[in-house]
Amino acid sequence: MVDIALIGAGRIGKIHGGNLARQPGMRLKYVCDAVPEAASELAANLGAAVADLDRVFSDAAVQAVAIASSTDTHAGLILRAAAARKAIFCEKPVDLDVGRAREVQAAVAAARVPCLIGFQRRYDPTFAALKRRLDAGEIGEVEVLAITSRDPAPPPIAYIERSGGIFKDQLIHDFDVCRWILGDEAQTVYAASSCLVDQAIAKAGDADTTAVTIRTRKGRLGQINTSRRAAYGYDQRFEVLGSGGMLAAGNHRPTEVSAHRPGGISVDTPEPFFLERYRTAYAEEMIHFAAVLRGEVAPRAAIEDGIRALEIAEAATRSAKEGRAVTL
């Protein structure tokens with residue numbers, strides 16, 4: 001039995017906590033949160049105890065931690081976990097600063113503990129099926145990846161102000177998908193951004209609409225368009241063009257029922273947001289984490305992947321500000 005502690009009892013912490021508690025051979029021992037009431041409620045629901053950070057990291061029986069707290073806590077918590085020789089799962093990003101993130105990476109490497117980063121799209125059944133078919137050579141040599149990634153509505157301004165900007169917050173997932181699908185590292189990044197949804201976002205120093213072009217070392221191209229607003233739902237899809245054809249991964253809908261009537265044909269709108277769209281992906285992510293802890297597989301999205309995506313996000317941020325392509 002592997003004892004694990006969950007740090008963070010907010011929206012994503014509740015998802016991870018529930019999935020961890022359901023893993024055979026794993027026991028959610030502790031829940032820790034800066035808000036005691038949140039920790040108590042989640043711990044009671046999942047049959048765990050409430051603990052502070054000192055207790056989590058000093059308890060030798062705890063072999064792993066799942067970090068689902070705010071971004072500004074990630075680096076420090078990973079460092080503490082590495083020092084305590086505990087396996088780590090951490091939500092993205094590792095940190096908002098690339099230099100700090102690399103320091104964390106070095107500490108994890110020195111501790112020789114697994115550290116998974118929460119890029120849940122790698123575990124989505126649709127996206128993962130496309131990747132398997134791509135790797136099997138179904139469409140030949142990969143040439144272009146086109147990603148559409150749009151949220152249904154902007155987050156609160158208070159969140160925007162501490163998010164690190166749209167490239168490090170929203171697009172970091174898309175940068176990871178780009179590396180994963182294209183199977184190559186970014187060489188140049190050109191990003192353009194605007195504030196078209198809410199001028200309060202501009203006043204907070206951020207953008208809400210972006211277009212990014214990435215050229216990889218092998219010359220492959222990735223194009224990403226994002227928006228903080230899609231009135232019709234959570235829009236998550238991409239196409240991969242290869243020398244022998246194209247593979248496309250579309251949106252998920254609550255049902256696949258279509259209505260055919262004299263006035264037209266209608267289907268459900270896409271899932272409302274990421275918690276619904278990636279429900280299965282989050283469950284698969286924790287199944288994979290459990291397999292890593294048993295020594296059965298290597299991490300599918302390790303801290304190195306977190307660093308690489310953050311480097312692209314940093315380059316995109318600079319590119320949008322300076323109006324030029326940035327070489328990594």
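Mentor: What follows starts with the pocket, then turns to the sheet and the cysteines. The model is predicted. Its largest pocket has a volume of about 980 Å³. The lining consists of 33 residues, and those closest to the pocket centre are Arg-11, Lys-92, Tyr-159, Asp-169 and Phe-274. By residue class, the lining of the largest pocket splits into 12 nonpolar, 11 polar and 10 charged residues.

Now the sheet. Its 6 strands form an open sheet with parallel pairing, in the order S3-S2-S1-S4-S5-S6. Strand S3 (49–50) and strand S6 (115–118) are the edge strands, each pairing on one side only. Strand S3 runs parallel to strand S2 (residues 26–32), and 2 bridges join them. Ala-49 in S3 is the bridge partner of Tyr-30.

Last, the cysteines. The structure holds 0 disulfides. For Cys-32, the nearest cysteine sulfur belongs to Cys-90 and is 14 Å away, whereas a disulfide needs two cysteine sulfur atoms within 2.5 Å. Cys-32 has a relative accessible area of 6%, so it counts as buried, the cut-off being under 20%. Cys-195 is also buried, with a relative accessibility of 17%.

Note on methods. Residues numbered from 1 in each chain as written. Predicted model: local features only at pLDDT ≥ 70, side-chain atom pairs only at ≥ 80, totals over all residues. Heavy atoms only, no water. 1 Å grid on protein atoms, 1.4 Å probe; cavity = no way out; pocket = protein on both sides within 12 Å on 5 of 7 lines; lining within 4 Å. Points joined across faces, edges and corners; volume = space filled by probe spheres on them. Nonpolar A, V, L, I, M, F, W, Y, C, P; charged D, E, K, R; others polar. Buried < 20%, exposed > 50% of the residue type's maximum accessible area, 1.4 Å probe, protein only. Pairing = 2+ DSSP bridges. Helix = DSSP H or I, 4+ residues; strand = E, 2+ residues; numbered from the N terminus.
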